[in-house]
Every structure is written in structure tokens, then in C-alpha cells.
Amino acid sequence: MKPNNKVHNYKDEYYPPMPTRTTKFWRSCFIYQLYKFFVLNYKIMKMVVKGHS
Amino acid sequence: MAKVVVLGAGVSGHTAVAFLKKKLGKKHEVVMISPNSYYQWVPSNIWVGIGQMTVDQVRFKLDKVYKKWSVIYKQAKAISINPEGNSEISKGFVTVEYVVGDKQGQQEKVDYDYLVNATGPKLNFEATPGLGPKGHTVSVCAYDHAAHAWEELQKSLALMEQGKHQTFLIGTGHAMATCQGAAFEYALNVAFEVKKRKLEHLADIIWITNEYELGDFGMGGAFVKRGGYVTPTKVFAESILAEYGIRWIKRAGVNKIEKGIAHFETLAGEYKTQEFDFAMLIPGFAGAGIKAFGKDGNDITEKLFKPNGFMTVDADYTPKDFEDWSAKDWPETYQNPEYKNIYAAGIAFAPPHSMSKPMKTANGTPMFPAPPRTGMPSGVIGKVIAQNIANFIKNGATEHKHKASMSRMAAACIVSAGYGIRHGKAATMTVSPIVPDWDKYPEWGRDINATVGEVGLAGHWIKLLLHYMFLHKAKGYPFWWLLPE
């Protein structure tokens, strides 16, 4: 994104959803991310184990 | 005593050797032939490319590990395969050429009972004039490339510290390139490092890709449950790029690089250019270029390899329209149909077709990502081949007990988006299966409940954990075999 261009609409970068401050907070919240760490690892491990015979 | 020869010490070949030796023990011979002296954990090269890891943190010497495992290690490159032997050697053999030491330049014939071709990709920089570390761009495909990328990136960062504007062009360097994920990670990490130095007002970071839509990643895209919606990875990828202030050029096949200028063709058939100060572009991949000869010396390369140099295996290669592709087309055992004691693992096997829809530009140039076979699938395939060969040798089995089709196998991809224990970030993406199965999952092509797409600090910790875990496994440290691929 060109930094000095004040008008942002009608550009590709204008259309995707952007994270709110709350979303950014949860993404970096240590306790919540520690919980996510275990949840995601569990999900990945479950997939890996059933992925090949 | 049986003899198994493995070509290539990448993720797939190294995994195959590890499990072959573990299962076959000292009674049988396992030989590794690789021109490389180091094993490298390729996914962490991204962090070498931004100066957050050193080269020695992502690699280790192969000879020590193979000595510990009693694997015969020849630092040589494979030149040709004679699957039927010749007038002097009755068994199949590989002709190799040593690349270091007293034997450098000497050729040797290494016979085998079973052969595993895990030679990985040839980084085909030559397909795009001016591309690569010897040209005008950098790469993160190997640890030395990544170290070079960091040197060049530092120059741009230094210029920005002096108040000079820099344009960063990151993405794919060929209309048929794959490994978008690695380039995507690098773009996010460069943006993260620029922002960390509070220099984003001086940076124009551009993602350039041969994908039809962002988030295709050579898998034809995927769907994830997110925020109460089932969302395509297109939205997921665009969202994170926009958040990081990265703009993008999609449906672009880079065809020539000059100093500071990338030439590309669009899917619409237009020829355009993009200027840059720093460019990291992933090359197209090709097979290792090994030839094959019959008993009387005639060239039988087409019996073992497809024209792109990848090895023919138990896939259904019948040409079909995109709409007729099936998950059943994909191989399960990775055995060559002509020579049953030859297997291909990881990137070395020829996929039956791409996962992304084949497209051509208005000028007729093919433009779509080749299917990815790196990381998790490479390791799983290497292990399954090793288990089957060991079962044949030890138990006299005649059927493949273990199978691993990419149309049943799941994969996790942790897309690093910034390094740091407290402030790092990564997108955790999982797909199950890797190859869409529209018969089994008619709505989304994959199991929507097993498909994950989440951004956060936890993803960075997972990627870091995988770095140490897989290096532990590859070094053969205690209980390595308990760790999954």
C-alpha cells in the first residue's frame, strides 16, 4: 500500500476483512494463545495419525 | 542380505533411510547417495532469510548421523539408473559421481535390491532468465540462498534507515512455480521486520503470484470455518496481506528478470513490468534429470520418468479434463509400475495432474501452480515406502501393507508471519485431505471440520516447536521414531 495515498477504496487491498483491535488482542493474548497452542497441536496430531495407514 | 539404496537426503529420503535402518538392522545394507553434506530443515530457511536464525541452526552434517545409524553414505550425485543391470552387473544399479574428497569426479556403479528415488526438485532458475542468486533476485529455497537473501535484505533495510524508499517484490518467479507458501511466509516476515524497525512508510511490499486467486497455494485453494462463515483461503490470504500493508499482483507469470525489473505476462495476455529494489522469487521446479538405460544400453528414461523429470509411480496418468479429476488418480504406494523394486518419494514422484485448475494465458502460456509435495507429505511418503520395503525384505511380503495417498493424507502448514516468542505470529492452516476429494466431500472438497485457519502467537510457537522437534528426529536423538512426520 502506498503510504502517502490518502484514498484507499477501489483498490484490491480495500476489500478483504481487516482484524479489529479486539481480534488483534486475542491473537497476542498470552493465556489465550497458550490454550490455542494445545488445541491446535491436538488437532494437527489427530490429523497426522489418521492420515496414513 | 538385501541392499536398499536411497537417492537424496532431503525430508523424504532422510526419513526413508532412518526407518529402513531401524527396521532392517545390521543384517541388511542401507546406502544413502546425496551430493549434499548437510541435512537442512527447509521450512526454517525463512527465518535465516530475515536474520532471525543462523545457517547452523537449520542444518547439520549428515556423515555423523549416518555413521551412528551404520548407513553407508556416499556424497555423490546420481547420474543414471540401469534398472535391468547390464552385461557386467546382473542386478539393477545406479551410476553415481562423487562430488567431494579424493574420489571427486570419479564414477561408481552402486547395485541395489530396492531403490528409493528421493532426489527432490531441481531449482529451475534457468527457466526464467535473470532469476535466482546468480541473477538479479534472491531465493530462500536452500540455506545458503536464504543467507544470501538476508545479506541483500540488510542492504535494503540500511538504505531505508537513510530515508530511501525501497520496493520489495516477493512471490513466484515462473508461471508454473509452486511453493507459494514459502514465498508468502517470506513476504509477511519481511513486512514484519520492516514494521519492527518503524520503516513501513518507506516500503512498498508487493506479492506477485501465478495463482488465479490468492490462497490457492497449488492446492486449488481450500475452505476454512472462520468467524461464523465457511470462508475460502482467498479471503484468508488477502486479509493477512492487507493487514501487513502488502499489495498484490495475481495471475502473473514472471518470464524475465533484469536488474531491478521483473517482466511478467498476465493471464489476460498482457506483458507488463514491475520495478524492484529487492526481489525474492521462487523458481519453477523440475526433476533431477537422471537418465535410465536398459540392459543393452538403450535409453529407457521414458519408462521411469515423465518428460518433466519426475518419476512415474502408481498414479493414473490418463489425460482428463479438470472436471473429471478424481482423488483415486493419486498414487498410494509410489512404486514404479515397470520396475517394481523402484520407488519415488517426496517431490521426486510425478503427480497425475495438478490440484489447481490448469490455465493458459491469452497467448497460450500455461499458468498455474504445480502441486506441492513438500514437508509433511514428503516425510509420510518416505516412511511408508521404507515400511513396505522392510516388510518385503524381512517378512517376504508381496503386497504393500502401508499406503499413503495425498487424497487421504492431511497436512498442516504453519505460515510464519513474524518471529518472536512474545510478539511473533503465524497462520496455522490444516487441510484434510491435501488433494480435494469432491466425491467424498461434495460441498467443500475436504473435511471442513478438520480444516483450520487461525492467526496468532500460538502458530509461531508451533512452528518453533516443529523446528526443534524435526531436527531432533532427523538427528536420530533418543525416541526420534515416536515423533510423527
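Modeller: Buried area is the accessible area, for a 1.4 Å probe, that two parts lose on being put together, summed over both. In this predicted model, chain B and chain A bury about 3,100 Å² between them, and 65% of that area is on carbon and sulfur atoms. On the side of chain B, 45 residues take part in the contact, and chain A contributes 28 residues.

The polar part can be listed briefly. Six residue pairs are in polar contact between chain B and chain A, both residues of each pair having pLDDT 80 or more. Two salt bridges cross the interface of chain B and chain A. One of the salt bridges joins the side chains of A:Lys36 and B:Glu454, at 2.9 Å from N to O. The elements of chain B that each supply at least two residues of the side touching chain A are α6 (233-243), β15 (246-249), α8 (376-395), β23 (411-416), β24 (426-431), β25 (452-456) and α9 (457-474). By class, that side of chain B has 23 nonpolar, 14 charged and eight polar residues.

As for the chain behind this surface, chain B has 25 strands and nine helices. Its radius of gyration is 22 Å, close to the 23 Å given by the globule rule for 485 residues, so chain B is as compact as a globular protein of that length. The C-alpha trace of chain B spans about 65 × 50 × 45 Å along its principal axes, and 61% of the 485 residues of chain B count as buried. Among contacts in chain B with a separation of 6 or more, 68% are between residues 24 or more positions apart.

Key
Residues are numbered from 1 along each chain as its sequence is written. Chains are lettered from A and ligands numbered from 1 in the order in which they are written. This is a predicted model: local features need pLDDT of at least 70, side-chain atom pairs count only at pLDDT 80 or more; totals for chains, interfaces and linings use all residues. Side-chain values use heavy atoms; hydrogens and water are left out. Contact means heavy atoms within 4.5 Å. A salt bridge is a side-chain nitrogen of Lys or Arg within 4 Å of a carboxyl oxygen of Asp or Glu. A polar contact is a pair of N or O atoms within 3.5 Å; within protein, one must be able to donate a hydrogen and the other to accept it, and residues adjacent in sequence count only if both atoms are side-chain atoms. Helices (H or I, at least four residues) and strands (E, at least two) are DSSP runs, numbered from the N terminus. Ala, Val, Leu, Ile, Met, Phe, Trp, Tyr, Cys and Pro count as nonpolar, Asp, Glu, Lys and Arg as charged, and the others, Gly among them, as polar. The radius of gyration is taken over C-alpha atoms; the globule rule is 2.2 Å times the number of residues to the power 0.38. Buried means under 20% relative accessible area, exposed over 50%, partly exposed in between (1.4 Å probe, protein chains only).
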